[in-house]
Amino acid sequence: MSQKSYDDSASLYLIPTPIGNLEDITIRSLNTLKTVDMILCEDTRETGKLLKKYDIQKKLVSCHEYNEEKIKDNVIKYLQEGYNLGLVTDQGTPIISDPGYVVVKYVIESGFNVISLPGATAFVPALTCAGINPSPFLFYGFLNAKESKQRKELQSLKDLKYTLIFYEAPHRIKKTLTNMLEIFGDRNISINREISKIHEEIYRDKISNLIDISDTMKGEMVLVVEGNTEVVDYSNLSIVEHVKLYVEDGMSDKEAIKLVAKERGVAKSIVYKEYHIDS
């Protein structure tokens, strides 16, 4: 087990930035942006706009999903030289469906402080104003853009009782809703678009009622989908039949065995043995 208290060595600060309205930034985030020696950012132009608004001048270093592996050694070099660094993405909290994980993991492994500040992230306001039971919830982020893989992901989620939260882009929203309706059934859903921006809107309805108007939805979206409320009784199925039911739905043998073991409250090894003896 790894345990570490913050010490006096140089630190990497994860700083949330506004997801729309530039006033949605904490005093602590502003003070940290002012005091760090340089800022790693997803897009220097976007971060530059925020810093200009608050009259902050700092050296900006590009850090995005395509160059994290290349720059991580430079990040460690800066920290070794005693520089405190900030890490921001274009909007919201770093790493939450945004870049930053590769660098953060490397900094932790190298023994330096990583300090994450609380602040803006899109799924929290979307969840709290959805009108759907907020607890428990599962934040999934972006589904796979490839339809066959997206459908497989949805299949793996359809029996969960948790409220499900996804991010989605406007050019994929109709296909995603269509797949959800087919796989999840007609559940309650909330779609928030352009959170905290001028044209912010929220749609609350059944999935089926929003598919036809989804062509008009623009901007970044957060989908909050009701969990599975059906009570399913598998007692009339054998273990083998139960596994085959999920395999026919598109799961792999391994995924189906794991889920059946969880639903029946038995060891995976028992389900595995039963299924493969039959096979």
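Which residues of α7 are buried? Keep that in mind while we set up the view.

This is a predicted model, where local features need pLDDT of at least 70, side-chain atom pairs count only at pLDDT 80 or more, and totals for chains, interfaces and linings use all residues. Residues are numbered from 1 along each chain as its sequence is written, and side-chain values use heavy atoms, with hydrogens and water left out.

**First stop: helix α7.** Select residues 173-184, a helix of 12 residues (helices are DSSP runs of H or I, at least four residues, and strands are runs of E, at least two, numbered from the N terminus). Now colour Ile 173, Thr 176, Leu 177, Asn 179, Met 180, Ile 183 and Phe 184: these are the buried residues of α7 (buried means under 20% relative accessible area, with a 1.4 Å probe and protein chains only). Looking down the axis of α7, you will find them within an arc of 165°, so they line one face of the helix (the arc is that of the directions from the helix axis to the C-beta atoms).

**Next stop: strand β4.** Select residues 85-88: Leu 85 and Leu 87 point one way, Gly 86 and Val 88 the other way, and all are buried. Click on Ile 39 to find the residue whose bridge partner in β4 is Gly 86.

Key. Buried < 20%, exposed > 50% of the residue type's maximum accessible area, 1.4 Å probe, protein only. Pairing = 2+ DSSP bridges. Expected span 1.5 Å × (residues − 1).
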